[in-house]
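Subject: Structure handover

Hello,

Please find the structure below, with the sequence. My notes on it follow.

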Amino acid sequence: MTSLPQRQQLIDSVTEATAAGARQDQACAVLGLSPRTLQRWQAGETLTEDRRPQRHDTPSHALNDAERSHLLAVANSAEFADLPPSQIVPRLADQGIYLASESTFYRILKAARQLKQFCIPEIFDDVPFCTCQLAEV
């Protein structure tokens, strides 16, 4: 989304270019702007802010920092340190424990740089790639 000062600057740039003899659509293309967007911005009497609702980046059910660190601690524990999340989650479920989904485990381990791709052709010749967890010791 474009802020009000940025909009005004873009409109001024296009106005300046067209006054110098450039075509409006070419001036908009140089700025990465659609001519229709420029027309919408100039339609009202005054230039206004973007009225679209702002997006909330964090979902309400997202894991907090304490939950993330607990998940990493469990994944790095001696019991699970050498296992990928695809095996950690079912083992925890067998114990009656649910911390997060398998994809969340992968996402958090990747963010902590504890996940890497590996492939051993002799063992995994029918699997295109495999991932494993790198436990912090």
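Among contacts between residues at least 6 apart in sequence, 43% join residues at least 24 apart. Please keep in mind that this is a predicted model.

Overall make-up. The protein has six helices and two strands, and the order along the sequence is α-α-α-α-α-α-β-β. Of its 137 residues, 23% are buried. The accessible surface comes to about 10000 Å², and carbon and sulfur atoms account for 52% of that area.

Helix packing. Two packed helices are described by the angle between their axes and the distance between the axes. For α4 and α6 (residues 102–111), the angle is about 90° and the axes are 10 Å apart. The angle therefore makes α4 roughly perpendicular to α6. On the α4 side the residues that meet α6 are R68, L71, L72 and A75; their counterparts in α6 are F105, I108 and L109.

Helix α1. R7 sits in α1, which covers residues 4–19. Is R7 buried or exposed? R7 has a relative accessible area of 8%, under the 20% cut-off, and so counts as buried. Which residues does R7 touch, leaving aside its neighbours within four places in sequence? The contacts of R7 are T2, W41, L47, T48, E49 and D50.

Salt bridge. Side chains of opposite charge can pair when their charged atoms come close. The count of salt bridges in this model is one. D25 and R23 form a salt bridge through their side chains, at 3.2 Å from N to O. D25 is partly exposed, because its relative accessible area of 35% falls between the 20% and 50% cut-offs.

- A62 lies in the loop between α3 (35–43) and α4. A62 has 34% relative accessibility and counts as partly exposed. The C-alpha atom of A62 is separated by 10.0 Å from that of T104, a residue 42 places away along the chain.
- N76 is found in the loop between α4 (65–75) and α5 (85–94). The relative accessible area of N76 is 17%, so N76 is buried. The side chain of N76 makes a polar contact with the side chain of Q114, at 3.3 Å.
- R113 belongs to the loop between α6 and β1 (115–118). R113 is exposed, with 76% relative accessibility.

Backbone at R113. Most residues other than glycine have a negative phi, and most peptide bonds are trans. What is the phi of R113? Phi of R113 is near 55°, a positive value in a residue other than glycine.

For your own look at the model, these are the places I would open alongside this message: R7 with its contact D50, the salt bridge of D25 and R23, the α4 and α6 pair, the N76 and Q114 side chains, and R113 with its positive phi.

Regards

Conventions: Residues numbered from 1 in each chain as written. Predicted model: local features only at pLDDT ≥ 70, side-chain atom pairs only at ≥ 80, totals over all residues. Heavy atoms only, no water. Helix = DSSP H or I, 4+ residues; strand = E, 2+ residues; numbered from the N terminus. Buried < 20%, exposed > 50% of the residue type's maximum accessible area, 1.4 Å probe, protein only. Polar contact = N/O pair within 3.5 Å; in protein donor to acceptor, adjacent residues only side chain to side chain. Salt bridge = Lys/Arg side-chain N within 4 Å of Asp/Glu carboxyl O. Contact = heavy atoms within 4.5 Å. Areas by Shrake-Rupley, 256 points an atom, 1.4 Å probe, with all protein chains shown as cover. Axes fitted to C-alpha atoms, helices over the stretch in contact; angles between N-to-C directions. Parallel < 35°, antiparallel > 145°, perpendicular 65-115°, else oblique.
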